[in-house]
Amino acid sequence: MTPLNDDIDRGTPASKAERTVTLTVDGMTVEVPEGTSIMRAASMAGTAVPKLCATDSLNAFGSCRLCLVEIEGRAGTPASCTTPVAQGMVVRTQTERLKKLRRGVMELYISDHPLDCLTCAANGDCELQNMAGAVGLRDVRYGYAGDNHLADTKDQSNPYFTYDPAKCIVCSRCVRACEEVQGTFALTIGGRGFESRVSASANVPFLESECVSCGACVQACPTATLIEKTVADIGTPERSVQTTCGYCGVGCTFNAEMRGDEVVRMTPSKSGKANSGHSCIKGRFAWGYAQHRDRILKPMIRASIDAPWREVSWDEAIGHAASEFKRIQAKYGRNSVGGITSSRCTNEETFVVQKMVRAAFGNNNVDTCARVCHSPTGYGLKTTFGTSAGTQDFVSVEKADVIVVIGANPTDGHPVFASRMKRRLREGAKLIVIDPRRIDLVHMPHIDAAYHLALKPGTNVAVLTALAHVIVTEGLINQDFVRGRCEADAYAEWAAFVADPARSPEATEAATGVPAGLVRGAARLYASKGNSAIYYGLGVTEHSQGTTAVMCIANLAMATGNIGREGVGVNPLRGQNNVQGSCDMGSFPHELSGYRHISDAPTRALFEAAWGVALDDEPGLRIPNMLDAAVDGRFKGLYIQGEDIAQSDPDTKHVIGGLKAMECVVVQDLFLNETADFAHVFLPGSTFLEKDGTFTNAERRIQRVRKTMAPRNGLGDWEITLKLSEALGYAMPYKHPSEIMDEVARLTPTFAGVTYEKLDELGSIQWPCNAAAPEGTPVMHRAGFARGKGLFVLTEYVATEEKIGPRFPLLLTTGRILSQYNVGAQTRRTANTLWHTEDRLEIHPHDAEQRGIVDGSWVKLASRSGETSLRALITDRVAPGVVYTTFHHPNTQANVVTSEYSDWATNCPEYKVTAVQVAPSNGPTDWQREYGRHSEQSRRVAEPAE
């Protein structure tokens, strides 16, 4: 493969030195930063020094002895990868002596390597093969008569790649990638001398080892020792399309390497500013769902949710949906219908959905899945800072001295960013984890948290305010920052509020369960040890006080001056790939794009002039309000693009009740998901591999999504929405997604400078991007806050109404696991299920023993809202009194038990605190069996007419 220009491998990492030196390489003068290796300098001068153990994603190792060079005035032939440049140095990379030495080294490698190049999966894409040609090797004096490794057995246990020790040259690149890039330390070189082998964990098969299948080892391997099975099955790629991953909010850049219209492999791009050439198991390998047999490719309609589906043409499906929405509005009123946008779809696709709702439906009944995950982030940060987004870029963590992780599990939910964070922790940064559960980061190879505040679920605000109490009462405030950057009266009121002894760590210890000494130590560490950064997730936002907790975090950052520069900040880790973007595009019922309130007359006038319609000035219904109104008989039609609210939203029975009460539910998605069980029209969607557009990740980074193949369903998601809008009587004559972004830029100040041309030129842009910041804003609030002065907010702790008691004595909290994604619709249709075949209920040994529960047994999980059954996993990762589960498998129905309580400001559900009881069970509950029967019946497709 010919790499993209930014993906040229220069052998060793770039030096960060500011001083430069000048040297000569093969007669060419080159100026490079001090500390640069000779190998990299030669590459920058246009000379590729032969190499096998070196790659610029890893530190220099110097083991292959192929990159030898001669330096004028020095004896010997040093390795160019480990030798730094010097001022005036004269280097020769091609002499007769060097040629002879390199050929001798290559002969030794080839003498213990299968000569099956013509049938090898890496033929044409193998560095060993390339280097044999580069050094001019034409014959090998050593035969196979002696000992060799050619009969070693392949390890094919991993579903995505093969390990063939017969082809291993023991360069250690895979081992070093696992350590330096991924930080898992799952690989080692076992044995000595001739017996040296790459070994996974304690010499077990890869699938059984600690390997997390991130692909870093495969990426690093210079031979076919570690190689994707798809390359062997399909053949070597012939072209490459750069795009953005469709999974989590990290937003990794990938080169989709293609053969025809078939994806051969997804290779993480070094030019990707969010991932810097790294990946996780999902982005790297779990893209096969795009071709899965379950995928629906033709539109379908049915008369009722009990009838079988009937395949129809696009025109009939669109026409039927539009006529139903018109009928409903004529009968029940303009506000009886609405739409839900998708955080898995592009900015452009999301923008046209909210535009259709406002311009064609004539109301503001539009919402997005961010309602149930990060809506408190938007409200809390806009109130305190003036913007509804995180403050930093991901690379900022490399300058952090103290890292606080609260309510997030980065190694599972945001693994590529977690690898970057782990590198900084191994370099010496201190870690504070605030989480009810002992997440991996608390203790893992070469990382131990300085503090783990294992608080009781639902007490984030009490703990965060106690931290603030220590900072204020012990004089740890950054007075210069507060005086210069924050509202004085609000600060004074806040400081007096948190200094109250009732908010001290000692006073709140009984409620939070966190020893006061730990809280005091963590507060001192955060406030006084240099750059401190806070990273948080759904364990902060998905509470009845989610917005309050976000404000607590903002208060801490302002009080200590940890905002407005690299290495600090307030950083929400977004769950889905375009949660940030879907919010930016105006998906909330009270806001237009750029977080401007619908009641603001000048803003509304701007959109009315552009769209040619009058807009309602009253906020519309949120998702929970839509469902409530449906149960009450006032809301009858819903268009859902790419969301599965029947599985992902809380209080499942209430969600289903609302869906059943509607007369027209239109689902636009890849698969017949749980929500589609209650739909009347199904419009098949397209995958990220079939899209043109943009995603915006958790660091506000807008990135291009590029089509690698034509949509298998025949239409892009944006085109489907346009057809529906036109059928409703409002045409949107866009010819390409770039025209939608152009409109977003015209109407949205923070996107004013964004164009596809600029994105192609720069690779990505972090908003705000406008005249003041033409290439974007990696770090926000450097000189001042968007709202002017930062606002401290009082954060009174109010205990959740969800109480434990004799009937429900345990607290349930939920989260994600590395191999699965969200509701699992995509990852469950890949080999990732080998790592997570079912959701398990984690329960402490003490609680399990009290209830007679053994590991792996069925248990009933019951709450005031409902009950479900799943298998138990006995572990001390959760504290006594706390149980935990994931929600990736629909047959678990975890949200049957979650409550109706939600955040006071945004209605974000309180997923993380549910009072439950756990008892032994004989298997699935009656509810699960009934739901399963309904799903099976609902997914019937009628036989085509004769």
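Modeller: For the linings, Ala, Val, Leu, Ile, Met, Phe, Trp, Tyr, Cys and Pro count as nonpolar, Asp, Glu, Lys and Arg count as charged, and the others, Gly among them, count as polar. The model is predicted. The second largest cavity holds about 220 Å³ of space. It is lined by 19 residues, and Val372, Glu542, Ser648, Asn822 and Tyr911 are the closest to its centre. By type, the lining of the second largest cavity splits into 9 nonpolar, 5 polar and 5 charged residues.

This cavity is one of 15 cavities of 30 Å³ or more. The largest cavity contains about 410 Å³ of space. Its lining is made up of 30 residues, with Gly407, Ala408, Gly539, Thr814 and Lys912 nearest the centre. At least two lining residues come from each of α11, α18 (538-541) and β31 (810-815). Strand β31 gives the most to the lining of the largest cavity, namely 3 residues. The lining of the largest cavity divides into 11 nonpolar, 13 polar and 6 charged residues.

About 1,000 Å³ of space lies in the second largest pocket. Of the 36 residues that line this pocket, Asp412, Asp440, Ile817, Leu818 and Arg877 lie nearest its centre. The pocket lining is split into 15 nonpolar, 11 polar and 10 charged residues.

A helix pair can be described by residue type in the same way. Helix α22 (residues 623-631) packs against helix α24 (residues 652-661) at an angle of about 60 degrees, and their axes are 8 Å apart. Because of that angle, α22 is oblique to α24. The crossing of α22 past α24 is left-handed. On the α22 side, the contact is made by Leu627, Asp628, Ala630 and Val631, and on the α24 side by His654, Val655, Gly657, Gly658, Leu659 and Ala661. In that contact 6 residues are nonpolar, 3 are polar and 1 is charged.

Key:
Residues are numbered from 1 along each chain as its sequence is written. This is a predicted model: local features need pLDDT of at least 70, side-chain atom pairs count only at pLDDT 80 or more; totals for chains, interfaces and linings use all residues. Side-chain values use heavy atoms; hydrogens and water are left out. On a 1 Å grid over the protein atoms alone, a cavity is a set of points where a 1.4 Å probe fits but cannot get out, and a pocket is an open set with protein on both sides within 12 Å along at least five of seven lines; lining residues have an atom within 4 Å of a point. Grid points are joined across faces, edges and corners, and a volume is the space filled by probe spheres set on the points. Axes are lines fitted to C-alpha atoms, for helices over the stretch in contact, and angles run from 0 to 180 degrees between N-to-C directions. Helices (H or I, at least four residues) and strands (E, at least two) are DSSP runs, numbered from the N terminus. Angles under 35 degrees count as roughly parallel, over 145 as roughly antiparallel, 65 to 115 as roughly perpendicular and the rest as oblique. A crossing is left-handed if the near helix is turned anticlockwise from the far one by less than a right angle, and right-handed if clockwise. Contact means heavy atoms within 4.5 Å.
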